[in-house]
Amino acid sequence: MVTTARPTFAETRLTPEKRLEIAKAVATRFQPDDSWQQDEWCSFTNDVWGYMTVIELHEWQDQNANCFCLGAAIRIETQRAIPEILDIFSAGGCDEAMAQLYADAANIQVINPPEPGPHGDPAIDAIIDWNDAPGRTIDDIRRLAADVILLCRA
């Protein structure tokens with residue numbers, strides 16, 4: 001008897017239309033000039049929150065945050081676009097799959113380390129490392145966001 005593998009949560013939720021919706025939302029986050037940051041997850045402008053801990057995961061949906069790193073924007077917009085995702089533990093790989101799109105568009109090598117990285121997902125960690133690289137600018141983020149939108153439309 002031949003059995004076929006069931007599609008994963010991410011495969012069933014991240015339709016091409018949903019990927020494009022998320023990519024557009026991520027790009028929109030970085031339209032204001034003061035909307036991007038390095039070395040922190042997300043914050044209010046001039047009032048750093050820093051990386052959100054497990055206890056603070058509900059804050060992902062806080063509309064008051066207005067400054068983000070690319071990894072945070074990907075995770076937040078993926079969660080907002082897929083109602084079944086309540087927190088990082090129910091994301092089912094959707095945020096990681098979206099981060100992989102950004103990594104692919106930027107030719108970022110994603111490595112599966114022997115020990116989990118600080119954010120637990122290799123593509124998210126790779127995107128955050130890219131975001132935090134010295135010399136990176138908001139224009140780099142905007143270009144990558146635009147490239148991912150084009151990739152999702154293809």
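Reply: One term comes first: a contact means heavy atoms within 4.5 Å. This is a predicted model, in which local features need pLDDT of at least 70 and side-chain atom pairs count only at pLDDT 80 or more, while totals for chains, interfaces and linings use all residues. Residues are numbered from 1 along each chain as its sequence is written, and side-chain values use heavy atoms, with hydrogens and water left out.

Me: Which residues is A91 in contact with, leaving aside its neighbours within four places in sequence?

Reply: A91 is in contact with F9 and I85. F9 is 82 residues away along the chain, and the C-alpha atoms of A91 and F9 are separated by 8.3 Å.

Me: Where is A91 found, and why does A91 count as buried?

Reply: A91 is found in the loop between α3 (70-81) and α4 (94-105). Helices (H or I, at least four residues) and strands (E, at least two) are DSSP runs, numbered from the N terminus. Buried means under 20% relative accessible area, exposed over 50%, and partly exposed in between, with a 1.4 Å probe and protein chains only. A91 has 4% relative accessibility, so A91 counts as buried.

Me: What makes S35 buried, and which residues does S35 touch?

Reply: The relative accessibility of S35 is 1%, and therefore S35 counts as buried. S35 lies in the loop between α2 (16-29) and β1 (42-44). Not counting residues up to four places away in sequence, S35 touches R29, F30, N66, C67, F68 and I138.

Me: Which backbone oxygens lie by a polar atom of the side chain of S35?

Reply: The backbone oxygen of R29 is 3.1 Å from such an atom, and that of P32 is 2.6 Å from one. A polar contact is a pair of N or O atoms within 3.5 Å; within protein, one must be able to donate a hydrogen and the other to accept it, and residues adjacent in sequence count only if both atoms are side-chain atoms.

Me: How do you know that the length of α4 agrees with its number of residues?

Reply: The expected span of a helix is 1.5 Å times one less than its number of residues. The twelve residues of α4 should span 16 Å, and its end C-alpha atoms are 17 Å apart, so the two agree.

Me: Which residues of α4 are buried, and what do the buried residues pack against?

Reply: In α4 the buried residues are C94, D95, E96, M98, A99, L101, Y102 and A103. They pack against α1 (9-13), α2, α3, α5 (122-131) and α6 (138-153).

Me: Is N107 buried or exposed?

Reply: N107 has a relative accessible area of 71%, and therefore N107 is exposed. N107 is found in the loop between α4 and α5. Its phi is near 55°, a positive value in a residue other than glycine.

Me: What lies over the face of F68, and what lies over the face of W130?

Reply: R29 lies over F68, at 4.1 Å from the ring centre. R136 lies over W130, at 3.9 Å from the ring centre. A charge sits over a ring if NZ of Lys or CZ of Arg is within 6 Å of the ring centre and within 35 degrees of the ring normal.

Me: How many helices and strands does the protein have?

Reply: The protein has six helices and three strands. From the N terminus on, the elements run α-α-β-β-β-α-α-α-α. Of its 154 residues, 42% count as buried.
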